[in-house]
Every structure is written in C-alpha cells, then in structure tokens.
Amino acid sequence: MQHFDSDYMEGAHPLILEALVRTNMEKTAGYGTDPYCASAREKILAACGVEDGEVHLLIGGTQTNATVIKALLRPYEGVIAATTGHIALHEAGAIEASGHKVLTIPTVDGKISAEAVDEYIKAFRADEAWDHMVWPGMVYVSQPTEYGTLYSKAELEALSEVCHKWEIPLFVDGARLGYALASAESDVTLRDLARLCDVFYIGGTKCGAMFGEAVVIPRKGLIPHFFTTIKQQGALLAKGRMLGIQFDTLFTDDLYINIARQAVSEASRLREAFRAKGYEIYAESPTNQVFVALSAEQEAHLRTLTTFSEWERTADGRLVVRLATSWATRTEDIDELINNL
C-alpha cells in the first residue's frame with residue numbers, strides 16, 4: 001500500500017537529521033539568536049538577492065499565516081484571498097480568530113487576478129456604507145495554489161502593481177514554495193518574490209524540513225516589533241537553533257530546490273500514467289500535486305492501491321482526490337503505483 005495523502009508524511013531529509021544529531025550537545029543562545037539561525041538568514045537573503053531584509057523562522061504554516069496577517073493588518077481590516085485559498089478553507093478560522101475577516105473573491109484555476117482585486121477595492125470604496133464594512137487591508141495568495149497551479153511573473157507583477165496603487169501589502173504563502181520554484185513551468189524565482197512581495201515565506205515543513213517556515217521581509221522594518229508579535233502568537237521557539245540548522249542545511253548546495261525538483265518530476269510521471277490509464281485529470285498542476293476525478297469503480301480500485309486526500313465532488317457526483325508527492329518520494333514508489341494501476 002502506497003501513501004500519497006500529503007507532502008509532509010515523512011520526517012526530514014537525512015542531511016537535516018545528520019546536522020541535528022551532530023550539533024545536538026552544543027549549547028547555544030535561544031530564540032533564534034544562535035549562529036545557525038544567523039547563517040540560515042544570511043543564506044536565504046543571499047538567495048533572494050536582498051541585502052538588508054529580515055528573515056524570521058517560525059514553526060508551522062497556519063501559525064505563520066496568522067502571525068503575519070495579524071501583524072500587517074489594523075483591527076478594522078481584512079485580507080483579500082481566493083475563495084479556494086488556504087486561509088479561507090483549511091485553517092480552522094485562524095485568521096478570523098485573530099480578529100480579521102478573510103474577504104474572498106472568485107478564482108480561475110485557483111488564482112485571483114489583479115483585475116478582480118482592483119474591482120473589489122474600487123467597489124468597496126465606492127460604497128457609501130464602506131465605514132460599516134471590513135476594509136480590504138492586504139492581499140494573500142499562495143504559490144503554488146491549493147490546486148497546484150502557479151502564478152506567473154506577469155501575474156504577480158500585476159498583483160503587486162494593484163497593491164501599490166491601493167497602498168496595501170501583498171503577502172505570498174509559500175508553504176509549498178519549493179515545488180513551485182522547481183517546476184519547469186515556473187518563471188518566478190526567489191528574487192522575483194523579494195522584488196514583488198511585501199512579505200512571503202519559504203516553506204520547510206512540506207519541503208524537506210522536520211518543521212519550520214522562513215518568513216522573508218525584503219524591506220527591513222516593514223513590520224515594527226515583529227519579533228514581539230511572533231512571541232505574542234506563541235510562535236517563537238526557545239530552541240530556535242532547531243529551525244536555523246534545518247534552513248541552513250536546506251540552503252546549502254541548492255538542497256531545497258534539488259529535492260523539490262525530484263518530487264515535481266515524480267508527480268509528472270504519475271499524472272501522465274493516470275491520463276494514459278483513462279483517468280480524468282481534474283486540475284492541470286505542474287507541481288507536486290496530482291488531482292484526479294474518479295468514477296465509483298475507479299475510486300474503489302484506487303483505494304486498494306494507495307491512500308490520498310479527498311478534495312471535492314463534481315456536479316455529476318465523482319470524487320476528486322489529490323495525490324501529493326514529496327521530497328522523499330522514490331522512483332520505485334511511483335513505479336509500483338503505476339504498475340498496479
């Protein structure tokens with residue numbers, strides 16, 4: 001039985017485990033003030049082409065989204081996101097629990113457009129009752145999206161331009177960013193994100209780390225006292241070096257991109273195998289996620305071969321499922337599933 005439920009089922013890359021064991025008995029200062037965190041920050045900023053930015057290491061994705069959004073917004077503001085966005089659907093109301101509403105707008109292939117954002121804000125400000133409503137205070141997107149699709153550089157440039165027009169920040173959720181950067185169809189780099197976004201994060205939990213996300217703020221001082229906000233949110237790890245060691249390892253010798261590239265390659269093989277076997281590909285994702293619409297017979301057969309995530313039901317009642325490869329997916333794992341199909 002194979003398991004493709006998600007991309008965080010395994011522990012951590014062996015090089016990370018080796019580094020954690022090797023440094024286990026060292027005594028270092030806490031809360032991210034150790035040499036390993038300093039080295040990780042330096043390597044990440046260099047990869048982003050940023051000379052004087054900030055990097056903050058947090059533990060998990062939902063925690064990171066909630067902390068960044070709370071820090072960026074005023075009490076009367078909300079965050080614009082896709083109707084299918086992670087913060088709108090799969091974070092248990094974490095954003096609303098912090099006192100901010102998620103303002104959803106329609107999507108195409110899981111993505112929101114600059115035009116839709118612009119029209120939403122225009123309509124809001126034209127409404128005579130706007131001061132009784134939640135002010136749109138920022139834009140949230142994820143790269144890749146919940147459907148594994150990618151924002152192009154042109155699309156991000158347009159979103160950035162609209163955000164500058166209305167003087168609100170653009171925040172990119174990068175929980176699976178490694179798989180986006182490694183996709184052959186992506187024309188967006190870390191340097192592009194640093195140029196176009198006000199804040200973004202580099203996901204570790206789903207991309208080879210045991211846990212951890214690296215928040216990048218390209219313009220130093222954008223969020224005053226962000227360290228204190230992280231502490232207030234319970235997101236500050238006392239043994240901060242556990243995060244620093246992991247990201248320092250991931251950003252040595254291009255490990256982060258190389259292991260993500262393997263996952264994307266194996267997902268592509270699996271996607272084409274499903275297609276060849278007569279299965280319908282529900283979303284054309286060029287990343288590590290494979291979406292398939294199953295008939296009742298196909299669903300019953302697939303359940304005997306592997307586990308997966310149930311995504312949604314189509315209008316005609318078919319089940320859409322997601323299979324996710326990861327940095328740890330082996331070629332022989334995909335070979336086995338393809339043969340069994």
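Buried means under 20% relative accessible area, exposed means over 50%, and partly exposed lies in between (1.4 Å probe, protein chains only). By that cut-off, six of the six residues of strand β13 (residues 319-324) are buried, so β13 is largely enclosed by the rest of the structure. The model is predicted: local features need pLDDT of at least 70, side-chain atom pairs count only at pLDDT 80 or more, and totals for chains, interfaces and linings use all residues. Residues are numbered from 1 along each chain as its sequence is written, and side-chain values use heavy atoms, with hydrogens and water left out. Helices (H or I, at least four residues) and strands (E, at least two) are DSSP runs, numbered from the N terminus.

**The sheet around β13**

- Four strands form an open sheet in the order β9-β10-β13-β12, with antiparallel pairing. Two strands count as paired if DSSP finds at least two bridges between them.
- β9 (280-283) and β12 (309-313) stand at the edges, each with a single partner strand, so one side of each has no neighbour in the sheet.
- On average, neighbouring strands of this sheet are turned by 40° against each other, direction ignored. For such angles, axes are lines fitted to C-alpha atoms, for helices over the stretch in contact, and angles run from 0 to 180 degrees between N-to-C directions.
- Three bridges pair β9 with strand β10 (residues 289-294) in the antiparallel sense. Ile 281 has Val 292 in β10 as its bridge partner.
- Six bridges pair β10 with β13, again antiparallel. Here Val 292 stands opposite Val 321 in β13.
- β12 and β13 run antiparallel and are joined by four bridges. Arg 313 stands opposite Leu 319 in β13.
- A hairpin is formed by β12 and β13, with five residues between them. Gly 317 in its turn has a positive phi of about 90°.
- β13 is covered on both faces. Leu 319, Val 321 and Leu 323 are buried on one side, and Val 320, Arg 322 and Ala 324 are buried on the other.

**Salt bridges**

- The structure holds 20 salt bridges. The criterion is a side-chain nitrogen of Lys or Arg within 4 Å of a carboxyl oxygen of Asp or Glu.
- Glu 266 and Arg 269 meet in a salt bridge through their side chains (2.7 Å, N to O). Both lie in helix α12 (residues 255-276), three residues apart, about one turn of the helix.
- Glu 266 is buried, at a relative accessible area of 3%. Arg 269 is partly exposed, at 31%.
- Arg 269 also forms a salt bridge with Asp 335, whose closest N and O atoms are 2.4 Å apart. Asp 335 lies in helix α14 (residues 331-340) and Arg 269 in helix α12, so the pair ties together parts that are 66 residues apart in sequence. Asp 335 is partly exposed, with a relative accessible area of 30%.
- Arg 303 and Glu 299 form a salt bridge, with the closest N and O atoms 3.0 Å apart. They are four residues apart in helix α13 (residues 296-303), about one helical turn.
- Arg 303 is partly exposed, with a relative accessible area of 36%. Glu 299 is buried, with 15%.
- A network of salt bridges links Asp 118, Glu 119, Lys 122 and Lys 165.

**Pockets**

- On a 1 Å grid over the protein atoms alone, a pocket is an open set of points where a 1.4 Å probe fits, with protein on both sides within 12 Å along at least five of seven lines; lining residues have an atom within 4 Å of a point. Grid points are joined across faces, edges and corners, and a volume is the space filled by probe spheres set on the points.
- The largest pocket has a volume of about 300 Å³. It is lined by 18 residues, and the closest to its centre are Tyr 8, His 86, His 90, Arg 176 and Lys 206.
- Helix α3 (residues 61-72) gives the most to this lining of the largest pocket, with three residues.
- The lining of the largest pocket divides into four nonpolar, seven polar and seven charged residues. Ala, Val, Leu, Ile, Met, Phe, Trp, Tyr, Cys and Pro count as nonpolar, Asp, Glu, Lys and Arg as charged, and the others, Gly among them, as polar.
- The second largest pocket has a volume of about 230 Å³. Its lining includes Ala 47, Leu 181, Phe 251, Asp 253 and Tyr 256.
- The lining of the second largest pocket divides into seven nonpolar, three polar and two charged residues.
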